[in-house]
Amino acid sequence: MIEVRNLKKSFGGHAVLDGVNFKINKGEAVVIIGASGGGKSVLLKHLIALLQPDAGEVLIEGQDIACLNERELLKVRRKFGMLFQSAALFDSMTVEENVGFMLRREGNHTDKEISECVAEVLDMVELDGTQHKKPAELSGGMRKRVGLARAVIYKPEILLYDEPTTGLDPIVSDAIDQLIAKVVQQLKVTSIAVTHDMRSAKRISHRILMLHEGKIYADKPTEEIFKSQDPIIYRFVNGIADVKHITL
Amino acid sequence: MTTIARDFIRQWLVGLGRGTMLVWETACSIFRHKPAWRDVIYQMYFIGVKSQSVVLITGAFTGMVLCAQTYFQFHKVKMDTATLAVVAVAMGSELGPVLTSLMVAGRVGAAVTAELGTMKVTEQIDALRTLAAHPIDYLVVPRFSAMFLVMPLLTAESVCIGISSAYIIGVFLLGVDPTYMWYNMLRYAGWTDMLTGIIKAFVFGAIIIIVACDKGLNCPQGAEGVGQATTESVVYASISILISNFFLTMLLNRILTGS
């Protein structure tokens, strides 16, 4: 369903992605792990064409989206839902307007139908009753849940999560993870998350891709990654710093 | 020095190219897609209604000071009753559109750039794109349409207030004969002066909103980036208005009066 071929991207002469290759099948739940600043979010943004690659292809159901213009991409993006690291809620709108944004834009639903759909997804993320609040009145965890509701309301085929649990306490992180797992199970979507939270990665994925030095270093089922004795994977999974990189 | 000049020219050309593309995409969007009238009306309220105090004060005091200065000079040669004619021509074709546009660039242009810039740095524009909404359709077109409709009205309002204020100052403070002053204004200030001002208002409105949206949509990261983009938006729009005003004056004078 999703295939990335020899994807390259540089910023200011620094190669962030240096020939990335992988495939993700329909219905899979995949997590991309890697060091901070290693290009995980850049890779995720290429999957929905928010960034254009320097070289390589991003195929969505066989169609290379890297060569489409912004208007052609609108149709492709209808298949995607995305939860941003900062939730990226529209701060001039209420929760209801944020969550119902896509349905209102499509113009195929009455206001009553949109309100009912919004209430339904807000109930799913356990935030029913917050419809009239502004994003500024919500906590970080609540904003992420609203972001998730906004991403799933139009039933996309692929869901992308950019650091879904970063900056949240362990209890809220667990709640978000359970929600993501529930969404994958209930909506049968393909799920791709970027994180460096290994606890979260274990809970929400079937397969893990590890991005290291601009390339996919490992592509294995989740259990194998956690059992791996490869020094780079082992250190990352268990959070052990390389002594050579520690300076006082 | 050479490097600085080269960078400046390169940046200027890049900005000009980006602005041209934005105008083209906005025009295509307006003609190909149904505009969101609710958003257009809200933007008309934001641009038009909320600029009332700025426009009224600018128009009134410009008309008053122009009337006083013209009277002081004309009084020396016993041409007091031509004062309002000069005010009407100057307000209608030059000061009305230019000063109104500069004030709107400061109030609306800065606000639009800051809003879009903040949306850019907080990933709200990326979120729009993931929700299959084109930023040009959703953010630029309603603002452009509203500005295009409202700017000539604000200019006309400013000109009317300026002439009215000048009349009041001329008659009640400076003691000019009201009948002759009004007669001379009708005689020397023609429809071409007013039409020149209105055409300029359309062009200046388009400049303000295109510069503001371009700076906002291409805002550098961080709070500093938003501040820099906002400043640049006001400065570039103001300079563009002043420069284009000269060329528009020459062109419109040739077209409308044939001289």
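**Aromatic contacts and the open sheet**

In the predicted model, Arg150(A) lies over the face of Phe90(A), 4.8 Å from the ring centre. Phe90(A) also belongs to an aromatic cluster, which it forms with Phe101(A) and Tyr138(B). Over all chains, the structure holds eight aromatic pairs. One of them, formed by Phe101(A) and Tyr138(B), is edge-to-face, with 5.2 Å from centre to centre and 80° between the planes. This pair crosses between chains, from helix α4 of chain A (residues 101–106) to helix α6 of chain B (residues 135–173). Phe101(A) and Tyr138(B) are both buried.

Within chain B, the ring centres of Tyr167(B) and Trp182(B) are 5.7 Å apart and the planes stand at 85°, so this pair is likewise edge-to-face. The two residues, 15 apart, link helix α6 to helix α7 (residues 178–188) of chain B. Tyr167(B) is partly exposed, at 25% relative accessible area, and Trp182(B) is also partly exposed, at 40%. Elsewhere in chain B, the charged end of Arg107(B) sits over the ring of Phe46(B), 5.0 Å from its centre. Helix α4 of chain B (residues 83–121) bends by about 60° at Met91(B), and Glu123(B), just after this helix, has a positive phi of about 65°.

In chain A, four strands form an open antiparallel sheet in the order β2-β1-β4-β5. Strands β2 and β5 (63–64) of chain A are at the edges and have a single partner each, so one side of each lacks a neighbour in the sheet. Eight bridges join β1(A) (residues 2–11) to β2(A) (residues 14–24), and Phe11(A) stands opposite His14(A).

Methods
Residues are numbered from 1 along each chain as its sequence is written. Chains are lettered from A and ligands numbered from 1 in the order in which they are written. This is a predicted model: local features need pLDDT of at least 70, side-chain atom pairs count only at pLDDT 80 or more; totals for chains, interfaces and linings use all residues. Side-chain values use heavy atoms; hydrogens and water are left out. Two strands pair if DSSP finds at least two bridges between them. The bend at a residue is the angle between axes fitted to the seven residues ending there and the seven starting there. Rings of Phe, Tyr and Trp (its six-membered ring) pair if their centres lie within 6.5 Å; planes under 30 degrees apart count as stacked, over 60 as edge-to-face and the rest as tilted. Buried means under 20% relative accessible area, exposed over 50%, partly exposed in between (1.4 Å probe, protein chains only). A charge sits over a ring if NZ of Lys or CZ of Arg is within 6 Å of the ring centre and within 35 degrees of the ring normal.
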